[in-house]
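Okay, everyone, thanks for coming.

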Amino acid sequence: MRLQCEVEVVSRLLPTCGLRGRGRGTRALLSLGRPPGRAPGGGGGGVYLMVCTARDRVGARYKVGTGAGEGGRSGTGVGPLVPPRPLMSRCAPQVQENIERFFTRFVEEGKATVRLREPAVDVCLSKANASNLKTFLSAVRLAHQGTDAGALPLSALVPAKTSEVEKPKAKMIITSRRDYPLTKNFPYSLEHLQASYCKLARIDTRVLCLKKLRKLDLSHNHIKQLPATIGDLVCLQELNLHDNHLESFSGALCNSTLQKSLQFLDLSQNKIKALPIQFCQLRELVNLKLDDNELIRLPFKIGQLDHLRFLSAARNKLPFLPSDFRKLCLENLDLFGNPFEQPNPLVPNIQLKIPLTLLECAARATINSRIPYGCHLLPSHLCEDLEVAKTCQCGGACLSSFIQITVTMNLHHVAHTVVLVDNMGGTEAPIICYFCSLDCYSQFLDRYLQSNG
């Protein structure tokens with residue numbers, strides 16, 4: 001029986017000397033067994049708890065109790081799991097006890113303490129798998145009670161391997177092709193992986209198995225396409241794809257578990273022309289970098305990214321900003337180097353259809369009345385149309401019947417710090433406005449002419 005966890009062995013004599021323990025555990029391998037050369041049913045030796053660490057792979061042994069035939073009594077079957085509250089373990093007088101107490105109140109959190117009589121130490125366990133810890137403590141308790149050694153899941157008390165006691169690797173940084181592992185798997189414990197300048201043409205499937213990843217940096221490679229299985233990395237908070245050959249960002253990724261985890265996304269210096277409608281489902285995004293792409297528009301519903309605080313989309317091909325851009329509340333905004341058009345509210349793009357089609361009337365009624373809908377009620381293509389409905393200045397919705405203009409917006413209205421949009425010191429950019437009828441457009445035009453008269 002073995003258990004990997006963190007262990008601190010604390011002497012109870014320290015306080016009498018005016019000292020105290022460090023309070024920090026060390027990665028260790030715990031084994032429950034007999035010393036080498038002892039027969040399972042033979043006398044002498046007893047059952048020991050051995051603690052091996054990276055500094056002491058040979059291990060320190062602590063006697064747990066005697067097995068049957070060594071002055072103890074035989075037990076039957078497998079005892080119950082250690083209870084979730086402190087337990088004072090008492091056995092028959094003939095058993096040579098060495099465990100004074102089990103502390104298991106926090107066993108569900110992977111923590112427990114075994115108090116020994118000789119030597120007077122507490123073996124404090126932490127960061128263990130809760131299920132494995134319960135099983136291990138149950139075996140220790142049975143050994144302490146004198147259960148027949150043949151009924152115990154004992155292990156050989158041999159020195160631990162280095163891989164068994166070294167701290168799980170949480171970070172790996174690779175910055176050249178020759179250092180990229182080709183035959184070995186990545187450690188499953190990785191939380192941060194950087195593989196830059198490795199000339200990767202695709203994302204390694206071994207990377208997609210690292211379920212603990214929080215930060216993935218694949219910048220400066222040759223990746224052309226992202227697999228949908230990136231969405232299976234449920235803990236992923238940061239994804240850096242700077243300087244690759246991406247031409248798109250999959251809508252499937254936007255509908256994956258990344259919706260709840262992804263906070264930082266760097267797609268700068270790629271070849272992306274547009275982002276999918278579903279992109280704005282990544283509502284936990286805080287920092288988004290889109291610089292040096294070929295974007296001709298920003299996501300239509302970008303205002304849904306209510307956690308977004310840092311946005312950079314410099315040196316793209318943006319002619320204007322989407323109407324929803326007004327809803328953002330940013331700390332820093334960089335739109336430098338985009339070929340923004342000169343807005344002219346007096347030259348509208350009229351797409352009105354009079355009379356309104358039945359589809360237009362139904363769509364406006366559904367959205368304005370906030371009637372719930374979904375693919376279980378409507379065909380998927382109708383749901384997609386409703387998702388991209390425009391919002392008039394009056395607050396009403398319009399689908400394919402509208403008037404469109406561009407007006408000037410000072411970017412300081414949505415961001416505290418604004419990088420100049422051009423070399424002339426400007427902080428203004430054109431933004432689209434929609435009107436659901438001639439009346440709404442006329443009212444806007446009257447106000448505009450009065451303010452500029």
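This is a predicted model: local features need pLDDT of at least 70, side-chain atom pairs count only at pLDDT 80 or more; totals for chains, interfaces and linings use all residues.

Helices and strands here are DSSP runs (H or I of at least four residues for helices, E of at least two for strands), numbered from the N terminus.

Residues are numbered from 1 along each chain as its sequence is written, and side-chain values use heavy atoms, with hydrogens and water left out.

Back to Arg370. It's not a glycine, yet it has that positive phi, and its place is the loop between helix 5 and helix 6. Is Arg370 buried or exposed? Exposed, with a relative accessible area of 76%. On that scale, buried is under 20%, exposed is over 50%, and partly exposed is in between, with a 1.4 Å probe and protein chains only.

There's another one to look at, His220, with phi near 60 degrees, again positive in a residue other than glycine. His220 sits in the loop between strand 11 (215–217) and strand 12 (238–240), and at 23% relative accessibility it counts as partly exposed. Why flag these at all? Most residues other than glycine have a negative phi, and most peptide bonds are trans.

The bond from Ile354 to Pro355 is cis, omega near -5 degrees, and Pro355 is in the loop between strand 17 and helix 5. The bond from Glu118 to Pro119 is cis as well, with omega near -5 degrees; Pro119 lies in the loop between strand 6 and strand 7.

Now helix 5 itself, residues 358–368. Its buried residues are Glu360, Ala363, Arg364 and Thr366. Among the things covering them are helix 6 (380–387) and strand 19 (397–398).

Strand 6 (residues 112–116) is mostly covered, with four of its five residues buried. It pairs antiparallel with strand 5 (residues 99–103) over four bridges, where Ile99 has Leu116 as its bridge partner. Pairing means DSSP finds at least two bridges between two strands. On to strand 7 (residues 121–126): four bridges join it to strand 6, also antiparallel, with Arg115 partnered by Asp122. A hairpin of four residues connects strand 6 to strand 7.

Three strands make it up, in the order 17-20-22, with antiparallel pairing. Strand 17 (349–350) and strand 22 are at the edges with a single partner strand each, so one side of each has no neighbour in the sheet. Strand 20 and strand 22 are joined by eight bridges, and Asn410 stands opposite Glu428 in strand 22. Helix 7 lies across strand 20 and strand 22, running at about 30 degrees to strand 20. That angle is between N-to-C directions, from 0 to 180 degrees, with axes fitted to C-alpha atoms, for helices over the stretch in contact.

And what about the inside? A nonpolar core here is a set of buried Ala, Val, Leu, Ile, Met, Phe, Trp, Tyr and Cys residues joined through side-chain atoms within 4.5 Å. The largest one has 77 residues, and Phe249, Phe279, Leu311, Leu321, Phe325 and Leu411 touch the most other members. Strand 22 gives the largest share of this core, six residues. Apart from it lies another core, of 30 residues, including Val47 and Leu142.

Take Leu311: leaving aside neighbours within four places in sequence, its contacts include Leu288, Ile302, Phe325 and Asp334. Contact is heavy atoms within 4.5 Å.

To zoom out, the chain has seven helices and 22 strands, and 46% of its 453 residues count as buried. Among contacts with a separation of 6 or more, 50% come from residues 24 or more positions apart. That's my tour, thanks!
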